[in-house]
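Please describe this protein chain in a short report. Cover its overall build, its disulfide and a few individual residues.

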Amino acid sequence: QVQLVESGGDLVQPGGSLRLSCAASRFPFPFNIYHMTWYRQPPGKERELVAQITRSGGTTNYADAVKGRFTISRDNDKNTVYLQMTSLKPEDTAMYYCNAKSPSGRAYWGQGTQVTVSS
């Protein structure tokens, strides 16, 4: 059974940093064929794209709200994608989800990890 497991969420003060991880396992194809994306869903709001990274890691894309503060990266040898978050703000509070999408369009989701930014 395909698994995407997010971790690293926590309660952090404004201005703090966190690194989220998303570990993939039991995928039908090598991890490096999957386009990876981090999404988040703030309380009472729709899920939104945060950052995405291509299969090789050569190209990344970010939501305007996180540009310059968040960095997405991946380690294809470890089947893991990361989201380094700095200068966190209360509005970054959300459940953060990892998504893997194959070239055929098949998509997988993790269960999410909670990030709370509060003093």
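A residue is called buried when its relative accessible area is under 20%, exposed when it is over 50%, and partly exposed in between (1.4 Å probe, protein chains only). The structure is a predicted model, in which local features need pLDDT of at least 70 and side-chain atom pairs count only at pLDDT 80 or more, while totals for chains, interfaces and linings use all residues. Residues are numbered from 1 along each chain as its sequence is written, and side-chain values use heavy atoms, with hydrogens and water left out.

**Overall build**

The protein chain contains 11 strands and zero helices. Both kinds of element are DSSP runs numbered from the N terminus, with helices (H or I) of at least four residues and strands (E) of at least two. Read along the sequence, the pattern is β-β-β-β-β-β-β-β-β-β-β. The radius of gyration is 14 Å, close to the 14 Å that the globule rule gives for 119 residues, so the protein chain is as compact as a globular protein of that length. That radius is taken over C-alpha atoms, and the rule is 2.2 Å times the number of residues to the power 0.38. Along its principal axes the C-alpha trace spans about 45 × 30 × 25 Å.

Of the 119 residues in the protein chain, 39% are buried. A contact means heavy atoms within 4.5 Å. Among contacts between residues at least 6 apart in sequence, 52% join residues at least 24 apart. The accessible surface of the protein chain is about 6,400 Å², and carbon and sulfur atoms account for 44% of it. Accessible areas come from the Shrake-Rupley method with a 1.4 Å probe; for residues, only the protein chains shown count as cover.

**The disulfide**

The structure has one disulfide, a term for a pair of cysteine sulfur atoms within 2.5 Å. Cysteine 22 and cysteine 98 form this bond, with their sulfur atoms 2.1 Å apart. Cysteine 22 lies in strand S3 (residues 18-25) and cysteine 98 in strand S9 (residues 94-101), so the pair ties together parts that are 76 residues apart in sequence. The torsion about the S-S bond of cysteine 22 and cysteine 98 is about -80°, so the disulfide is left-handed.

**Individual residues**

Serine 21 also lies in strand S3. Leaving out residues up to four places away in sequence, serine 21 touches Val5, Glu6, Ser7, Trp38, Thr80, Val81 and Tyr82.

Arginine 26 is found in the loop between S3 and strand S4 (35-41). Asparagine 79 sits in the loop between strand S7 (70-75) and strand S8 (80-85).

| Residue | Relative accessibility | Class |
|---|---|---|
| Cysteine 22 | 0% | buried |
| Cysteine 98 | 0% | buried |
| Serine 21 | 18% | buried |
| Asparagine 79 | 28% | partly exposed |
| Arginine 26 | 57% | exposed |
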